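Please look over the model shown here with the report that accompanies it. The text takes up a few local and chain-level features in turn.

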Amino acid sequence: MSEFEPKIVAFFCNWCTFTAADLAGTSRLSYPPNLKIIRVMCSGMVDPKYVIKAFLNGADGVLIGGCWPGDCHYINGNLKARRRVALLTEVLKQYGIGEERFWLRWIAASEGTMLREVAVQMTAKLKELGPSPLKNMGQMAI
Amino acid sequence: MDLQEVSVKDLWQDVYSAGNLHYCFNCSTCISGCPASHGDPPLLVRNLARKLILGLEEELLDDDTPWACVSCSRCEEMCPMNVMPFEMILFIRQWQCRNDETRVPTAIVEIYKRGYTQAVGVNTELRESLGLPRLNTITNNPEQLELFRAMLMKTRIVSENDYMFGG
Amino acid sequence: MAEEKPTGTVLVVGAGISGIKAAIELAESGYKVILTDESPQMGGILAKLDYQFPTDHCGMCRMLPLVGREYASQYCMRKSLFHENIEILPFTGIDSVQGNGGNYRVDLRKRARFIDPAICNELGKCIDVCPVEVEDEFNHGLTRRKAVYQAVPHNNPRMLLIDKQACTRCGECLKVCPTGAINLDAQDEVETREVHAVILASGVQLYNTRDFEDARSYAVSPDVVTSLAFERVLSSSGTYQGGAIRRPSDARPAKKIAWIQCMGSRNRRQHRDYCSSICCMFALKEAVLAKQKGGPEVEATIFYMDMRTFGKGFQQYRDKAVEEHGVKLIRCRVQGVMLKPDGSLMMRYHDPETNEFFEKDFDLVVLSTGQIPFEAHRRWADLLKAPLDERGLLATEQPGMVRVAGKPGLFLCGSLTGLTDISEAIISGIAAAGEAAKFLTALGVDTVKKEDIPEPASKARELPLVAVALCRCGEKTGAAGLDYELFRAELTRYPSVGAVQVIDSICKADGEAALLDSLAKTACNRLLIGACQPFIYRRKLKDVARKAGFNSAMVEIFDLFGVARRGMAEPSAADWTLRAAGEIKADIHSLKYKPALQVNTLPINQTALVIGGGIGGMTAALSLADRGVPVHLVEKEGHLGGYLGTRVEHTIDGLAPVALAADLRQKVLAHKHITVHLNCEVEKSLGTLGRFESQLRFKNNGENKYLHHGAMIIATGGREGATTEYGYGTSEKVLTQAELKRGLTDGNVDVSEVENVVMIQCAGSRQKEGRRYCSRICCLGAIGNALEIKEKNPDARVFILYRDVMTYGFYEQYYTKARAAGIIFVNYSPDAKPRVEMAEGRPVVKFTDPVLKEEMELPADLLVLSTGVDPGESNQGLADALNLSLTEDGFLAEADSKWRPIEFQKVGIYLAGTAHSPMPLKNVLLQAEAAAQKAYTYLSGRELPTAAVTSMVKDALCARCRRCVNICPYGARSYNEADKCIDIDAAACQACGLCAVECQNNAAEVRGWGDKQLMAAIDAKLMDRPLASAG
Amino acid sequence: MAEYAKLSFQKGGLNKELAAFFRGLLENGAVDGVLVPMAQNHKWVRLTLVTSASHTAGVDPFAPVAAVSGAKIASSLTSRPSGRTIAMVLRPCEIRAVVELAKLKQVNLDDVLLIGMDCLGRYENTDFVKFQEQGGTSEAFLENALAGKTSGPDFDIVGACKICEFPTAANADLSLCAIGGGNGAVFIEALTEKGGQTLEKSGMKPSEAPAGRNEAVKKLAAARLEARDKKFAEFRAEVNSFEALADKLAGCVNCYNCRVACPVCYCKECVFITDTFRHTGEQFMMWAEQSGMLKMPTDTMFYHLTRLTHMSLFCVGCGQCTSACPNGLDLMPLFRTCAEKTQARFDYQAGRSLEEEQPMAGFATDELIEVTGQVK
């Protein structure tokens, strides 16, 4: 089988991180295509259910990209997202989905290079970790 | 120090006549680059201006530091409030002499003896290394020194205190 | 039939912070705006600031409209601004302005870019091959760029252009350009436009080290940078690569960094005797950022004369910078910088603390450079034949106001009104827009009428069948390399995809026609359009779809080229096409589960409530009433006028508050649209924008009155600061500045015989206990009184003991005038405050002269204390009544100190004057005008639609736990005690989705971003093999 | 301020004395109603809302059973309050659940007199019927339990109670104290101002605190804590991966009964039964084709992981979920081990205090920096 290519579901906030992704695209910074980008209006719009569903449907990693604290267009959406990620990480950590598979990162609109950094680091980390534990359970959406 | 007694009102007006000294907001630009501020005691142009503004006549009268000024006029070039600090130094010197006959600045004795204010000879080797002609300084022309001394002797300050100048 | 009134159109020159805000305000009020900017891309200085004071973060997208948000771009401003009513013309100069207010004819010079942005696919192959390299002025020469370049490195779209001076016409770029977008012989185009009003927001020149000779003794190496260049050293799109701040010359990490203040400002010798007001604060900000981004061992030292932290929260920021971040402040102006052989920068300075000289080496020196306003003002004065005032600036009707004197219909804002920080640039932008809107209302021009195409039924309930239309762009084909046939084949295999059409140039007329008839033939009920730059064509394509019978909620537009191009360096056509098809699957799935959206009009009660009958309140009330808005003006006291209006005859900057208040009072009482309620306070106020209900209580008879209104302006002012320090209250020779001013005006303080007058600034202010903030107006007040004393009694000796003389901006000239009049200024440090003892009935003031370091004392015939401004005592009651909050200093806490300075989180309540923070009367008037304009946007009688995408509540599922109410950042949700249910304020809701996530069973959901849609998108993104079983 | 009143009773007379106490509350108008466990017929003891003083004869608060969590009853009684004062006799875990529900606006404690009790554990409902049939009485159970013996011939107290470290009631106005009272006596402890007044009003003579109570309670709690940590360690060793969790939940048929029984799952309808999770045939086929097969019904682990995320912060460890599962899945350890971690992350403990803000209600700018690990 060809070399393992991790699938990363990336929820990007429409204001900062999605703009950084566009910027990376236009300034031809190539970053690994493992990122499956879903645009949400705010990192605070990412419901823990979406992250659980992503892992249960075969995602090897989930990345949430939000604005730096203080940059949020909705004043404090990112701060609430951080609390939810802290809670969900505690739950998933107990069943083998640790912090290395579930990332929250602040990426500002002008940080195209930071976005590539994060994408490259996460892909490498997941290649090292191997496929998500769900794969060898042979079923999805259980 | 009680300003009520010590301070002479508008002292600066009969010392300084290059505009309005009050413009100075003691920002220290003058002293931060002043070569004479390295000396001991340092020449602090800003402090002299302050004494003038506060009218501290006594302190100013016997303050020798104005005489340490090497007249490079950097302070004047950079003073943001354009109060011409170098002019002020000269005005203070003149004011000191006007108001205190006994005031004979030690520097004059030096100048009378040496015949120069700034020692330029020290750079002779440097000049030679750069192929520049030798300077015809006063030390190489003793007769010029005599003429210079005779001229100085005609000035009041030197003639009245000739005892200080080796007769 | 009334003849067709023209649509009000305003030209805004300059798309910096103030220009953008003025344009957005006018567009939101329904007027057409032409927004031009000299530089190839908009943003002005803002584009260079990644981190803005005081949050040290970005936040410009919070300038975008909240209520009318769906008519504006809803993404980061680095992707440019878009609003239906704004036409943006970058790289456009003004050749001439003819005519006058009401009908200006303006010749716009669209400078040639030599690359047509419509055709250019922005892949930048031309940049790779261009042999010419020059300094990149965006990064102030810290980086280099090619002759073909992008003006702002992190903007998107890139809007590439060619620098004609640098270009050698070698033609290499022509060879590699896939779309033929390059034309080296393009000429400037001059276009004449008719506008009703013009707002000048072009900003002013900044001091730099090239053109000004007094910088020569400082700018001795590339490691001496201006403050704006240092912002680029801090930015990741500048030279900052993380970890350390690097010296421009040898990229060595800079550990010891110095800032030199007042570079180019406060300099009589160079005829610039003014302060640039913002350099102290951005120096502090940069020092803090340098320590954060440069690592813990970075030392930051600021050399200053007066640390002017006069604004709201400025003093706290300075305290934090010094105490928490360890920034060192040294009160000495250095004479120059010496470059040492090893490249380090030596500076000699005198430290007043230790009274010694130091020679210290620095790795990097930042020159805090200020403004050079005269050249910009002269250029405008010549172009518009408008008068200059004695300072060489465009004369305005009242000092500092935004109306150009003698030129109705001509306004100015931003740094043309004196270099301003971001919040004042925003306020003056709104005020200028307000004045322009008032002018247009008086002119009788109309607002924009929308050609509304009826909204067809949404068919959301039908089995979803999606039609996909892909634009084959006439010009961009070759570049993107999309294989349309492969794309169509891939998409048709997805279930529930009804039809896939490839249409040429969908944005052009024939493309539109082709789309219309292809849609007519399908049975699909949902439409997905792939086009370039969706944010520009979004509205237009949705109108076309509506004509074809598709409800606009059932239509989505995706960025066909952006999606395909993301992150792939040199992909083959097939790779791109499959990649794009994979990405689009999620949009198809999400569209299938999208519900119908509903737009209805905002119920707006067209009356305004203004709280506070001072000069600010009356100005705001009149500004609204003059435009036909009924206003209720509530005043706690028994008379109108407020503090200044009833006490102060004249201010130092030439205003006459008592006369102004009398004039305003007379107009207010006579105005048919204004109802005045004296001795009255707001007891309680509920509701949201358009539907406020306030309970007014009359103090004298305890009666209550209930009022319905659509918006609210708070202008309750403040109080004179109280103090017990320095023996105040123990002798009638110790007065406050206010008492002295009154005494001088009504004559019962006689200064004709006084010998010594001593004034002490910051009495009870800028201290940990008591007032922590600077009250901004006391230095001006003290200098005003001191000059009046000298005038009345030239022999009097007047001493002013100060900590920092806060005569910012053009007020510096009064500080100079005071010194010239013989007033002696003595600096004291907070931990060695002057001491006052009574001797023979006279206060004797003891202090240390900061220069001579000698203890001095002076018996004073008059000791005057500058006690500053306390927050109004009704602030707390008002905050409770309106469910607002106060800052730790007791002033009203605005929504965002930089980007929404006169608004609150709750939409519809606006703020002006000393209730916000202490400020000179000029700023009170500016804020009052701006607050009136914000309110007028919704009270102009225009029908305002709610946004389509907002949050909603499925009442049957709601357990009334109110978690969604607490989490809403805009206070758009409230628990309706009467009906026991959750109310949503459709105007305030920004559809951020926080409530939907907080609500665990989807009782709260944002229509258009539901769980089903997002989960369908997640499924689509994770499907390895295509949906259909084939292959 | 804990005042005590002694309620001594002859053998077999415990409930008679308690009945008299509750009758007193109703007669003297302290409360308009008393919600108290009462023998409904010879087999079952159920929470009963008694409003007439003459109907308190059958009270049996110390019966070792909690057919339905009292917190759910408290919620339905007070979420739209009657405006009448009600005394509620609830077990410690039920009161801690009530505290969480109050913060979630599902319980209104304004007119409620909370009466807690010492809890030595409860039997599963069916086991309780056997216990009754074998002539078991609350008094006997108390005596044996206080002596450390809670098991019957072929049944024992519920797993949750074996590891419950909260045998006594906090956050209540009054509490029925069995531990440390010695045989033949139960003490009524007043924990709040309101409790003290009710005691005075009911004419009970104040008495000194039961002698050995504190040590006994501490000893019992310590024993339970030790059992808890052992159970947690066992469970965590067994269930520490997706496969193990899937294996644990293999018996789940998505009947969602555990959610119905759970006192802190307060949603009117769980999102898993709304249309968001009513999938189309096309979606099932899509998932099946991804790996070739698909267990039905789907979204089992999805449901449990989501429920863990939603309510583990409020879980009080009452064990009702295990009791409610028709297929015998022991869910309690799964939820308690998870709750221990999530509550610890926010330094929060479910039911500890009415004032303590629930973790998801607030946020701060410079907290949880480690989540992103990025410094500007």
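This is a predicted model: local features need pLDDT of at least 70, side-chain atom pairs count only at pLDDT 80 or more; totals for chains, interfaces and linings use all residues.

Residues are numbered from 1 along each chain as its sequence is written, and chains are lettered from A and ligands numbered from 1 in the order in which they are written.

**Chain B as a whole**

Chain B contains ten helices and zero strands, where helices (H or I, at least four residues) and strands (E, at least two) are DSSP runs numbered from the N terminus. Taken along the principal axes, the C-alpha atoms of chain B fill a box of roughly 55 × 40 × 25 Å. Of the 167 residues in chain B, 29% are buried; a residue is called buried if 20 or more other C-beta atoms lie within 10 Å of its own, exposed if 12 or fewer, and partly exposed in between, with C-beta atoms placed from the backbone. Among the contacts in chain B with a separation of 6 or more, 64% are accounted for by residues 24 or more positions apart, a contact being a pair of residues whose C-beta atoms, placed from the backbone, lie within 7 Å.

**Where chain A meets chain C**

Between these two chains, 47 residues of chain A are in contact with 45 residues of chain C. On the side of chain A that touches chain C, α1 (17–26), β2 (35–40), α2 (48–56), α3 (77–93) and α4 (112–129) of chain A each supply at least two residues, and α1(A) gives the most, with seven residues. By class, this side of chain A has 21 nonpolar, 15 polar and eleven charged residues, where Ala, Val, Leu, Ile, Met, Phe, Trp, Tyr, Cys and Pro count as nonpolar, Asp, Glu, Lys and Arg as charged, and the others, Gly among them, as polar.

**Strand β28 of chain C**

Strand β28 (residues 631–634) of chain C runs parallel to β27 (residues 608–611) of chain C, and four bridges join them; strands are taken to pair if DSSP finds at least two bridges between them. Four bridges also join β28(C) to β29 (residues 674–677) of chain C, again in parallel. In these pairings C:L609 stands opposite C:H632, and C:V631 stands opposite C:I674. C:V631 and C:L633 point one way from β28(C) and C:H632 and C:V634 the other way, and all are buried. Together with helix α15 (residues 615–625) of chain C, β27(C) and β28(C) make a right-handed β-α-β unit, right-handed meaning that, with the strands pointing away from the viewer, the path from the first strand over the helix to the second runs clockwise.

**Backbone exceptions**

Most residues other than glycine have a negative phi, and most peptide bonds are trans. The table lists exceptions.

| Site | Backbone value |
|---|---|
| B:D40 to B:P41 | cis, omega near 0° |
| D:M296 to D:P297 | cis, omega about -10° |
| B:S73 | positive phi, near 60° |
| C:N355 | positive phi, about 60° |

B:P41 lies in the loop between α2 (29–32) and α3 (45–54) of chain B, and D:P297 in the loop between α11 (281–291) and α12 (300–311) of chain D. B:S73, in the loop between α4 (57–61) and α5 (74–78) of chain B, is partly exposed, with 14 other C-beta atoms within 10 Å. C:N355 is found in the loop between β18 (345–351) and β19 (356–362) of chain C and is exposed, with 12 other C-beta atoms within 10 Å.
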